[in-house]
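Reader: I would like to go through this structure with you, beginning with the ligand. Could you show it to me?

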Amino acid sequence: MSLRTSQIKSSDYIGKEVTIRGWVYRLRKQKENAFALVRDDRGGVIQCIFPADKVAGLTIESSVEVTGVVSQDARAPEGGYEIKGKNIRVYSVAGTDYPIGEYQSDELLLDKRHLALRTRKMVAMAKIRATVLDLGRRWFVDNGWMEVTAPTIVKGAVEGGSTLFKLKYFDEEAYLSQSAQLYLEAMIFSLGPVWSLTPSFRAEKSRTVRHLAEFSHLEAEAPWVTLEDILQVQEQLVSYIIQKTVKERAEELAFLKRDTTDLKKIEPPFERLPYDKAIEILRSKGFTVTEESGTKREIRAGDDLNIDSERELTKDASKPIFVIGYPIAVKPFYVKEDPERKGVGLAADMLAPRGFGEITSGGLREDDIVSITERIKKEGLNPAAYDWYLDLRRYGSVPHGGFGLGIERLMRWITNADDIKDTVLFPRTMSRVTP
Ligand SMILES: NC(=O)C[C@H]([NH3+])C(=O)NS(=O)(=O)OC[C@H]1O[C@@H](n2cnc3c(N)ncnc32)[C@H](O)[C@@H]1O
Ligand SMILES: [Mg+2]
């Protein structure tokens, strides 16, 4: 029975004969002996020593089954354990032109992502990502939220028509979903608090380190909630994911050289910063924005916040900041207007500390059919595509709200990755749709 290297690296196995299966990760041949670092299917590596002639034709990434006796030697790389090889079975000899080596360009690593996923960095990233997804699910399940699955082929925009991917759907036009939100709103009337993890698509015509064309979207929606309820759900969820990821993936975070001292401080409550106060802070710092015409001017009330303003607001923060009460004009049609403050939306964005930018957007939804119909029209959307959605206001409308969290945005913060593309296995951007 074959074992994984993590099992073998213990004093229990010293002197025992074991079998491991994996791929040749590094190969050093000397006159007498050859030293093969074999990587198992979870990325663990152990040194295997053979007489040089026994592994003559072996190449990097050849798939092998090694049998031998475990010994301990402080000089052995990867933890001081090694296998003195007795037998090696080669399943497949890899081509001698394996393209992933010590040093290569980011572009090549993206072009060969299907192979680069075998590198230690991407194995660590993939394991952290799997844990983040697992923890997101664990939090919702443990707190009584119901998982639902929304469609990803839809007929309407949620976040504005400019970032829709159009597709030919049999004899009609359809789009790839930007967000599951509208469907989650349909499910709260029978399932209460619901959540989903779906791919969301945005035809972002911008090359930034924070945007993907396809991202993993963790969304939630609940009936009978206030904006404060929605903020508390988010800060508990994000704190839970971060605190447990720091513990459960300490080895991988260490491999990525991520000092997690700052992440250990992430716990509720997060700061609530009113939008007007945020603008005041930015104006006091002489913050400027560039208009479409290219002219620069001082930021003022009514402007949306961009990454530069978010960075300025969070650069010295040790915990996320909720910016609350954006102007309704810069928010989508579904955002509820504050009945006490005309023109102000009951919405909030969660901004990660240290300039990592927006992690979530959320808030209360407009639950009055006349108001939301007007807002759909005002946004230039075709009300016919939302007739089913308006039924949710026609039949039993209730105060409700929710949020969307970008998994890759959260991952970029947790791993301190330079680029959001590093946090996803097969990134999709404006200039990349393969492999
Ligand atoms: N159920 C909801 O209320 C979600 C809501 N309809 C929504 O889609 N909001 S959002 O556009 O701000 O996107 C939500 C989050 O989704 C992430 N997001 C949003 N767009 C992207 C892109 N292009 N790439 C990566 N991540 C992205 C980011 O963290 C945002 O805060
Ligand atoms: Mg947003």
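**The ligand site**

Author: This is a predicted model. In it, glutamate 159 places a polar side-chain atom 2.7 Å from a nitrogen atom of ligand 1.

Reader: What about glutamate 219 and ligand 1?

Author: Glutamate 219 also has a polar side-chain atom 2.7 Å from a nitrogen atom of ligand 1.

Reader: And which atom of ligand 1 does arginine 365 approach?

Author: An oxygen atom: a polar side-chain atom of arginine 365 lies 2.9 Å from it.

Reader: How much of ligand 1 does the protein bury?

Author: The protein buries 96% of the 630 Å² that ligand 1 exposes when taken alone.

Reader: Which elements give two or more residues to the shell?

Author: Those are β11 (214–223), β17 (357–364) and β18 (400–406). The largest share, four residues, is from β17.

Reader: How many residues surround ligand 1, and which are the closest?

Author: There are 23 residues around ligand 1, and the closest are Glu159, Gln181, Glu219, Glu358 and Ile359.

Reader: How does the shell divide by class?

Author: The shell has eight charged, eight polar and seven nonpolar residues.

Reader: Changing topic: what does UniProt list for residues 127–427?

Author: An unreviewed UniProt entry lists residues 127–427 as "domain: Aminoacyl-transfer RNA synthetases class-II family profile".

Reader: What are the helix and strand percentages over residues 127–427, and how far apart are the end C-alpha atoms?

Author: Over residues 127–427 the chain is 33% helix and 22% strand. The end C-alpha atoms of that range are 16 Å apart.

How values were computed: Residues numbered from 1 in each chain as written. Chains lettered and ligands numbered in written order. Predicted model: local features only at pLDDT ≥ 70, side-chain atom pairs only at ≥ 80, totals over all residues. Heavy atoms only, no water. Near = heavy atom within 4 Å. Polar contact = N/O pair within 3.5 Å; in protein donor to acceptor, adjacent residues only side chain to side chain. Areas by Shrake-Rupley, 256 points an atom, 1.4 Å probe, with all protein chains shown as cover. Nonpolar A, V, L, I, M, F, W, Y, C, P; charged D, E, K, R; others polar. UniProt positions renumbered as here; feature names shortened; annotations may be inferred.
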